[in-house]
Amino acid sequence: GLRHVQDSEAAVSKELAAVRGELVSKTMELEAAKREILACTDTIEELGRALAAKDAEAVERQEEAQSNEDERRELRAALTQRERELAGLQSADSERGDALRTLEDSIATAA
């Protein structure tokens, strides 16, 4: 009877040791998986930050392009205005030239 109990205890003890070994092994696997998940999470966060930076850069470039376009439009409008002013001055100058010639002709005729 005692021998049987001792054998059973030994078998249970052996089984318990095997289960403990398996538990340690699974715990180590779980820890490794957790580390892998944390590394993936870090990578995802890093990629998220990089993407956000690229988005911000794209928005900045877009705003810069819009600003350049606005500036180009303003300069073109100013140029058009100057061209109109120049055309007006040339026209006035031409009229003055015509008036001067008419006056010179009148003086020549009178003399």
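Student: Why is Arg-61 called exposed?

Tutor: Arg-61 has 53% relative accessibility, and exposed means over 50% relative accessible area, with buried under 20% and partly exposed in between (1.4 Å probe, protein chains only), so Arg-61 counts as exposed. This is a predicted model, in which local features need pLDDT of at least 70 and side-chain atom pairs count only at pLDDT 80 or more, while totals for chains, interfaces and linings use all residues. Residues are numbered from 1 along each chain as its sequence is written, and side-chain values use heavy atoms, with hydrogens and water left out.

Student: What makes the contact of Glu-57 with Arg-61 a salt bridge?

Tutor: A salt bridge is a side-chain nitrogen of Lys or Arg within 4 Å of a carboxyl oxygen of Asp or Glu; the closest N and O atoms of Glu-57 and Arg-61 are 2.9 Å apart, and the pair therefore qualifies. The two residues are four apart in helix H1, which means that about one helical turn separates Glu-57 and Arg-61. Glu-57, at 36% relative accessibility, counts as partly exposed.

Student: How do you know that Arg-101 and Asp-98 form a salt bridge, and where do they lie?

Tutor: Their side chains meet at 2.8 Å, N to O, and both residues lie in helix H1, three residues apart, about one turn of the helix. Salt bridges that share partners also join Glu-69, Asp-70, Arg-72 and Arg-73 into one network, and a search of the whole structure finds eight salt bridges.

Student: What radius of gyration does the protein have, and what would a compact globule of 111 residues have?

Tutor: The protein has 47 Å, whereas a compact globule of 111 residues would have a radius of gyration near 13 Å; the radius is taken over C-alpha atoms, and the globule rule is 2.2 Å times the number of residues to the power 0.38. The C-alpha atoms fill a box of roughly 160 × 10 × 5 Å, taken along the principal axes, and buried residues make up 1% of the 111 residues.
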